[in-house]
Amino acid sequence: MTSRTITADAAGTWTLVDLPVNRIGFGAMRLTGSAAFHLGTPSDRAQSIAVLRRAVELGVNHIDTAAFYFSSLRSANELINSALAPYADDLVIVTKVGPYRDYSGDWGTPARPDRLRGHVEENLRQLGRDHLDVVNLRWMEGWDSIAEHFGALAELREAGLIRHLGISGVEPRQLAEAQAIAPVVCVQNQYGLHAPDPDADELLRLCGEQGIAFVPFFAVAGQGGARGPAGEELDEVRTVARAHGATPAQVRLAWTLQQGPHVLAIPGTGSPDHLAENVAAGALRLTDDEMMRLNTVRLQGGSPSRRSGAAPSPRPA
């Protein structure tokens with residue numbers, strides 16, 4: 001594949017109610033360092049800014065971020081603000097709230113409903129905006145219900161601070177619970193070839209039937225999560241990649257996008273070359289036979305060596 005000549009519109013588009021986006025977007029988590037959050041080493045600021053600007057040049061108009069995406073020296077939101085403000089009218093920036101990290105980078109207690117306004121306002125401040133296009137509520141372990149937290153965000157939507165609402169890390173029952181309060185425009189869950197996930201498959205189906213965007217994270221990293229891809233690549237993925245002159249990461253992204261026209265991909269990187277490859281994956285079309293072979297691999301959970309070598313994700317994406 002000639003990555004540098006392919007732009008994000010090759011993947012097709014999806015509309016979040018009134019916000020059209022190309023189905024290949026960009027996840028800002030890895031802009032801050034060699035691994036997410038406090039892991040790895042801080043990134044080169046100039047390169048991170050260059051990656052963001054190049055993403056927009058390549059047609060990316062959907063960026064996923066959060067105020068808790070920061071390393072010891074870098075903040076994803078600050079980088080986005082510095083690189084892209086004043087923002088283009090067609091650029092959709094999606095943030096998420098719920099998890100919390102203190103100034104030292106340690107994870108704190110997830111936000112209570114009455115603290116979510118502060119999370120929203122911090123994203124507004126860092127991004128230099130007067131409203132947020134989409135805010136995802138990230139489900140946290142220990143919550144009995146999503147209703148009170150989602151209701152608090154619905155009030156902020158009515159107040160004009162948020163345009164649209166989504167949810168993240170949820171099960172089908174929590175989608176129904178949120179929809180009883182306010183419209184849900186997207187569901188963001190971990191999803192990929194690395195392992196079977198019946199709940200995620202059900203959410204994928206429900207979102208498709210209801211016209212809701214399904215936005216997988218860690219589609220490339222898999223079980224490596226926030227630390228990045230872990231272990232050796234599956235032979236089946238390598239075989240498909242060779243057949244198309246593509247990389248295994250591109251195959252994983254193409255498989256993800258071919259789960260349905262409502263599926264949006266948000267691969268993240270701090271590398272200009274990887275950025276071009278990720279965007280180019282939107283033009284890769286796998287055959288029905290290749291999809292069946294990869295689906296079989298997923299149902300089997302990958303190879304045993306891949307599972308044993310995977311690193312756990314420290315906290316939510």
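In the predicted model, Glu 57 and Arg 54 lie three residues apart in helix H1 (residues 45–57), and are therefore separated by about one helical turn. The two side chains form a salt bridge, in which the closest N and O atoms are 3.1 Å apart. Glu 57 is exposed, with a relative accessible area of 55%, whereas Arg 54 is partly exposed at 28%. The structure holds 14 salt bridges, among them that of Glu 171 with Arg 173, with a distance of 3.3 Å between the closest N and O atoms; here Glu 171 is partly exposed at 32% relative accessibility, and Arg 173 is partly exposed at 48%.

A further salt bridge joins the side chains of Arg 298 and Asp 201 (3.0 Å, N to O). This pair links distant parts of the chain, since Arg 298 belongs to helix H10 (residues 288–299) and Asp 201 to helix H6, 97 residues apart. Arg 298 counts as buried, with 5% relative accessibility, while Asp 201 is partly exposed, with a relative accessible area of 28%. Glu 202, Arg 205 and Glu 209 are in turn linked in a network of salt bridges.

Seven strands form an open sheet with parallel pairing, in the order S3-S4-S5-S6-S7-S8-S9. Strand S3 (26–27) and strand S9 (213–217) stand at the edges and have a single partner strand each, so that one side of each is left without a neighbour in the sheet. S3 is joined to strand S4 (residues 62–64) by two bridges, the two strands running parallel, and Phe 26 has Ile 63 in S4 as its bridge partner. Helix H4 (residues 147–158) packs on the sheet, where it touches strand S5 (92–97), strand S6 (132–138) and strand S7 (162–168), and its direction makes about 165° with that of S7. Helix H6 (residues 198–210) also packs on the sheet, touching strand S8 (186–190) and S9, with its direction at about 150° to that of S9.

The largest nonpolar core comprises 101 residues, of which Leu 153, Ile 167 and Val 187 touch the most other members. The contacts of Ile 167 beyond four places in sequence include Leu 137, Ile 146, Phe 150, Leu 175 and Val 187.

His 262 is placed in the loop between helix H8 (248–257) and helix H9 (272–280), and counts as buried because its relative accessibility is 7%. Its contacts beyond four places in sequence include Trp 14, Leu 204, Cys 207 and Phe 214. The C-alpha atoms of His 262 and Gly 208 are separated by 6.1 Å, although these residues are 54 apart along the chain, and the His 262 side chain reaches the backbone nitrogen of Gly 208 at 3.3 Å.

Note on methods:
Residues are numbered from 1 along each chain as its sequence is written. This is a predicted model: local features need pLDDT of at least 70, side-chain atom pairs count only at pLDDT 80 or more; totals for chains, interfaces and linings use all residues. Side-chain values use heavy atoms; hydrogens and water are left out. Helices (H or I, at least four residues) and strands (E, at least two) are DSSP runs, numbered from the N terminus. Buried means under 20% relative accessible area, exposed over 50%, partly exposed in between (1.4 Å probe, protein chains only). Contact means heavy atoms within 4.5 Å. A polar contact is a pair of N or O atoms within 3.5 Å; within protein, one must be able to donate a hydrogen and the other to accept it, and residues adjacent in sequence count only if both atoms are side-chain atoms. A nonpolar core is a set of buried Ala, Val, Leu, Ile, Met, Phe, Trp, Tyr and Cys residues joined through side-chain atoms within 4.5 Å. Two strands pair if DSSP finds at least two bridges between them. Axes are lines fitted to C-alpha atoms, for helices over the stretch in contact, and angles run from 0 to 180 degrees between N-to-C directions. A salt bridge is a side-chain nitrogen of Lys or Arg within 4 Å of a carboxyl oxygen of Asp or Glu.
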